[in-house]
Amino acid sequence: MLTLTAICHDYGTGLVLDRVSLTLEPGSVVALTGPSGCGKTTLLNIAAGLLEPSGGSVESGFLRAAYVFQEPRLLPWRTALDNIAFGLKALGVPAAERRNKARTLGYRMGLDDTALRQYPHQLSGGMRQRVSLGRALAVEPDLLLLDEPFSALDRSRRAELQELLLGLIAERRLAALFVTHDLAEAVRMGDELVMLSPAPSRVSDRFRPDRPPAERDDLYVYETLSALLRRTSQT
């Protein structure tokens, strides 16, 4: 379990986060949403241990976290296969084993041998993000931290990768803290939505969809989004 309690943060110009609390259970997805500049990425970095909060506490029982950024941040001088295997190299996995594992995971990501031999500049945006997801999953995390990983993609590619990610989360029983500015994406992906107010951010609302992700079709997402927007306008 990951527990953030009364998290505050100040970069020196005033509070960005003001007593934000959330809990992430194993195997669940918390979608963190709110307006631009409200501190979503700051909170994600605090959860990852990359940033020390000004106040509050972070407790995590997860053994290994992996971070997926909005930009793929691939090594341009390495092939897609070697980018997926990069974390395994850092863990000391032997070369043949890590390449075999990376290739198997690349196939799972929808990348064929041709794509796996290519360098990042030769890949489409969607393929680069598949490599980025593969790199994160290769180290077998039990916690995924995702910072708007699909925001730069067009609608069809975004939907494909949302479905792929949800399938992998269910298959591997991963927990995920998923930052998105897109409330519809939050409804589609999250077991719980945590909505932040403008900075200095506090939790303005929490919501749990009443259907599992596999049953949230476009109509359900639209109707739920409309209800959430009406609820927000009344608060």
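This is a predicted model: local features need pLDDT of at least 70, side-chain atom pairs count only at pLDDT 80 or more; totals for chains, interfaces and linings use all residues.

Me: Which residues of H4 are buried?

Reply: Start with the general idea: an α-helix has 3.6 residues a turn, so residues three or four places apart point the same way. Helices here are DSSP runs (H or I, at least four residues), numbered from the N terminus. In H4, Arg 98, Ala 102, Leu 105 and Gly 106 are buried, meaning under 20% relative accessible area, while exposed is over 50% and partly exposed lies in between (1.4 Å probe, protein chains only). Down the axis of H4 these buried residues fall within an arc of 105 degrees, so they line one face; the arc is that of the directions from the helix axis to the C-beta atoms. Exposed Ala 96 and Thr 104 sit on the face turned away.

Me: What comes after H4?

Reply: Gly 110 follows, with a positive phi near 85 degrees.

Me: How many disulfides are there?

Reply: A disulfide is a pair of cysteine sulfur atoms within 2.5 Å, and by this rule the count is zero. The sulfur of Cys 38 is 15 Å from the closest cysteine sulfur, in Cys 8, too far for a bond.

Me: Are those two cysteines buried or exposed?

Reply: Cys 8 counts as buried at 16% relative accessibility, and Cys 38 is buried with a relative accessible area of 1%.

Note on methods
Residues are numbered from 1 along each chain as its sequence is written. Side-chain values use heavy atoms; hydrogens and water are left out. Helices (H or I, at least four residues) and strands (E, at least two) are DSSP runs, numbered from the N terminus.
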